[in-house]
Amino acid sequence: MSGPSVVRDARARLRDAGLHGTFLVRDLDDGAEVVVDADEVLPMASLVKVPLAVATLERAARGALDLARPVELPAQATPAGGLAGTVAFRHPATIAVEDLLHLAVAVSDNRAADALFDLTPPADVAVELDRLGIAGIAVRHVVAELSDTVVELLGPERVNLAHTLAIGAATTGIPVTHLDTTRANSCSARAMADLLTALWRPSSIDPSVAQRVRDLMGSSVHRQRLAPDLAADDARWSSKTGTVLNLRHEAGVLELAEGRTLAVVAMTASSVAAAVQPEAEAVMGAVARELVEFLLG
Amino acid sequence: MDVLAACRAFVSVSSHGSFTAGASAARIPQSVASRRVAALETHLGGRLFDRTSRTVLLTPFGRQVLASARRLLDAADAFEDDAVRARSLPVRLAVPEAGALETARFVAAARAAGVDVQPVAAPPGRRADLVRTHEVELALVAVPAPDARWRVPLGLAGRRPPGSGRLAALRRGRSRGAGPLRRVWLLPEDDVPHVRDPVIRARDAAGLRPGQLVVGAGFVEALATVLTGDDLLLCPQSHAASTGLGWTALQVPTVLRGYAPAVPRAGVVDVLDVLDVLDAAVADLLGAR
């Protein structure tokens, strides 16, 4: 297949699954890329935990923050349901900054992420990214706001309605903060790929910081989206997923035992009014696989 | 006074030239003819005939009104003819599109019950229009089950219908070598909110791809595809039986076609009585039993 036909085929498959998708796969050594609408900016959801980790570790590296510092997480009368990590803790806990980083990235723990945002607020994360020359990633708000959408408002019985509203908001122009790329934390697939390149190859990011972030992403428990199509014993997949309303993302790096390294970023918006969409996720994985195969071939 | 009878006498006398011949041709006694013509003259306020000579001649007044009288009689005759024709017309009934065999059986059952029915097959949106424009006397319109007189459960017909009766059986998952996606075809008859919308919601909630429900294809295309492949047709059990396909009732969601009679607002209400006579035949046609 040629480059343009691979892209056409990807778009068709995504459309068939009710997805509008932006993908970028880049060979980190020769810079070759295959791109599907990757310059479109979308709300980034939990992908923001990666730049948060970079900013936190950079500050620690220059002594502005102590990774061993204990952070108090108080008892919660009504912990969040259906989620894992400290969001679900009932009892008080004391967790070190470094361990909060692990929870924020590996489990996508929103409460751990916001404890980190307390130490390095969104504006300060933005300043760090700017200092490092990392462009195109807008960090504007804390993570708790990702759990304050119409889905939570309408409850699990009406998840279909909540998704219908969110999908409709995109076409009717009614502003839904979480989907507004001028107010939500946002980036393009390309900007995420650039961040991954800066983490996996020498860059302005401190090498020990980059190593730590790579390890955090290598510990991710969310392996239902792209991992089934990319990971193997001879292909290490390190990534971060992000999900809010009808948006499903994953950004990661595939390191092949043979020596090649590929950044793979998939950011999608669904037009199907369902929260759980394994078919859509299967198509995301299949498209990622096709694009990876194309670059490797 | 009976203007028509008087006109008949007047016109007959005028064309035969005498009261005797005119009355005879109109099959009335001469005295009656004379009386009727006289009544008409009083009614119109002028003499129609000049009775002075032995032959009867039209007066100038009579000559003026003769053409109108003839036209009046022609119109009255046409009026009677229309009524006769209308009485013997079949009841035009707007029905869902079904197979020729089912429709023929329905017409035969209706005739056996003494009703001459002319079925007009049309999609659901059109049937309500047909009755509004008086193109049919009666229509079977698609309504939600609670409002319906006849209810038809829907299920999945195909060569391999899912025993569970659930759309989730059509999920293919990540296995890429598992062949083409199985689809459910929804017929134009079910492209109405109370059937289509619950099926769409169930499709999404079950984790199927949007393309796994096909809406808007015609009956022939849908059936042809289902007969040869692994796809399924959403339809009543009776349709499956006539095509030799297997059928399982749809459990999640449970959807029913509903039908109710509709007549034109200013229409003849007693045409609904026809449905009382034909209730069983209609139920068979719709697949309600």
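**Note on sheets, helices and the A–B interface**

1. Helices (H or I, at least four residues) and strands (E, at least two) are DSSP runs numbered from the N terminus. Contact means heavy atoms within 4.5 Å; axes are lines fitted to C-alpha atoms, for helices over the stretch in contact, and angles run from 0 to 180 degrees between N-to-C directions.

2. The model is predicted: local features need pLDDT of at least 70, side-chain atom pairs count only at pLDDT 80 or more, and totals for chains, interfaces and linings use all residues. Residues are numbered from 1 along each chain as its sequence is written, chains are lettered from A and ligands numbered from 1 in the order in which they are written, and side-chain values use heavy atoms, with hydrogens and water left out.

3. Two strands pair if DSSP finds at least two bridges between them.

4. V25(A) has V264(A), in strand 10 of chain A, as its bridge partner.

5. A second open sheet in chain A has 3 strands, ordered 3-7-6 and paired antiparallel. Strand 3 (41–43) and strand 6 (137–138) of chain A each have a single partner strand, so one side of each is left without a neighbour in the sheet. Strand 6 of chain A is joined to strand 7 (residues 186–188) of chain A by 2 bridges, and I137(A) has C187(A) as its bridge partner in strand 7 of chain A. Helix 8 of chain A packs on this sheet too, touching strand 6 and strand 7 of chain A at about 85° to the direction of strand 7 of chain A.

6. Over all chains there are 37 salt bridges (a side-chain nitrogen of Lys or Arg within 4 Å of a carboxyl oxygen of Asp or Glu). One of them joins E98(A) and R212(A), at 2.3 Å from N to O. E98(A) lies in helix 3 (residues 97–107) of chain A and R212(A) in helix 9 of chain A, so the pair ties together parts 114 residues apart in sequence.

7. The interface takes 18 residues from chain A and 13 residues from chain B. The count of salt bridges between chain A and chain B is 3. In one of these, D229(A) meets R174(B), with the closest N and O atoms 3.1 Å apart. On the side of chain A that touches chain B, helix 10 (227–230) and helix 11 (278–296) of chain A are the elements giving two or more residues. Helix 11 of chain A gives the largest share, 7 residues.
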